[in-house]
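Please read them with the structure open.

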Amino acid sequence: MAYAQDLNRSLSLKENVLITLSSVTPASSVFIIVPAIVAGIGGASAIALVLGAIVGVFMAFCYAELSSAFPVTGGEYAFAARILGKPTGFALFALSMVGNVFIVAVIALGTGDYLGVVWTALSGKTVGLIVLVAATLIAVFNIRANAWLTGVFLLLELAALVVLSALGFLHVSRPVSVLWTPGQDVSWGLIASFTATALFAYNGYGTAVYFSEETRNAGRLIGKAILVSLAVTVVAELVPTVAVLLSAPDLAAKAPMSDVLGTHGGAVVNTVVSLGIALAIVNAVIAILIQSGRLLFSSARDGSWPDVIGRPLASVHRKLLTPVVATLVMGGLATLVAAFVSLDVLIIATGANVVALYTLVALSALVGRARGLTDRGEYRMPWWPLAPVVVIVMMVYVAYQTLVADWVPMAATLGILAAGYVYYAVYLYPRRAERFTLPDPVPED
């Protein structure tokens, strides 16, 4: 048995990459996530980002091989369930779903910080909630139309990063050695713990697999889409970060990126770029909600929920050919979370998600090749088993350093995974003959 082709297979490689990069949203990462790394380890942030990029390359190899073998819109849980077992697959789905809801809420709540630079009345939580509602309504539209809409926004945010990079490199005030010399109070263990945050900043290039059932020649092209998306992401985030580390007036400042814009570019440049970042945030919210809707849709199509819930979630709009109900539900959950959960709690709850996600994906790539389960794919990673082994070793080390720095994020992640295992054992396993049966990927013509 195989899934039916209910979604609209209309995306080209370029259009898939546009949505994937919009989900990564390099500008939002540089202005919202990277400052947390800079505040923690200063100039050594460059080391954490380079280490994250190295892990990202090996991780992309794993994603590419798995996605080529299992081009299913459910993403990571879809191939983890088929390789590591259904209980682990559903636990990973639970982690991905909660993570997506929290990440969208975190990103959206940052909109007011940048729109407030343009007009102070636009700062605050309410603006983020409005963005979430509007983005949810846009995310239900035709996938190809959304690819080009997010693509336009993506070009604007990349232009903002070019301006930031140019201002930084034209006003260098520190020696280049600051990039690889840890500060007096910065240990290599602390740098390793911040590598997890760097991974979070790069994360999203694997989103390409979520659109595999809507991409032409997906089995052949999804791996390429992932690798291209990672390459663009690393360049777009690492280059402006280096420029800021070499030129920011004060690396200990709360917003060193904005300081570079204001100090070296003036009020007008700061205002224009801040508007570009706000648009990048909106773009990211749209793209991640498109992905999130397909994640929930896939779980419902796999029979994960009672029919009264599952049937509408697994439905596809006749004209739009998108999972409208599932997308609206994910947008609604993100809006509620953003409205009633504090930003600090959201950040803590998502802090270690990427470490667990990457570990399970790498383990899937290792076991899948060893058991011949990925032989069906057209992409084969180079130097196997180097990539998954390196990722697993580094993730274990990063997890240890993360626990040493703060055990709460890892505890939250393990709690979500445990809840997924419990749900599978209580509801899905007793109904395993008809629930979570995991058919073959949609056959392509």
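1. Of the 445 residues in the protein, 59% are buried; buried means under 20% relative accessible area, exposed means over 50%, and partly exposed lies in between, with a 1.4 Å probe and protein chains only. This is a predicted model, in which local features need pLDDT of at least 70 and side-chain atom pairs count only at pLDDT 80 or more, while totals for chains, interfaces and linings use all residues. Residues are numbered from 1 along each chain as its sequence is written, and side-chain values use heavy atoms, with hydrogens and water left out.

2. The C-alpha trace spans about 65 × 45 × 40 Å along its principal axes.

3. The protein has 17 helices and 0 strands; these are DSSP runs numbered from the N terminus, helices being H or I of at least four residues and strands E of at least two. Of the contacts (heavy atoms within 4.5 Å) between residues at least 6 apart in sequence, 84% join residues at least 24 apart.

4. Helix 8 (residues 143–170) and helix 10 (residues 218–247) have axes that come within 8 Å and cross at roughly 30 degrees. Helix 8 is therefore roughly parallel to helix 10, a label for angles under 35 degrees; over 145 is roughly antiparallel, 65 to 115 roughly perpendicular and the rest oblique. Axes are lines fitted to C-alpha atoms over the stretch in contact, and angles run from 0 to 180 degrees between N-to-C directions.

5. Which residues meet between helix 8 and helix 10? From helix 8 they include Leu 158, Leu 161 and Phe 169, and from helix 10 they include Ala 236, Val 239 and Pro 240. The residues of this contact divide into 11 nonpolar, 3 polar and no charged. Ala, Val, Leu, Ile, Met, Phe, Trp, Tyr, Cys and Pro count as nonpolar, Asp, Glu, Lys and Arg as charged, and the others, Gly among them, as polar.

6. Is Thr 136 buried or exposed? Thr 136, in helix 7 (residues 125–139), counts as buried at 5% relative accessibility. Leaving aside residues up to four places away in sequence, Thr 136 touches Leu 289, Thr 327, Leu 328 and Gly 331.

7. Ser 187 lies in the loop between helix 8 and helix 9 (188–202) and is partly exposed, with a relative accessible area of 41%. Ser 187 and Gly 219 are 32 residues apart in sequence and 43 Å apart in space, C-alpha to C-alpha.
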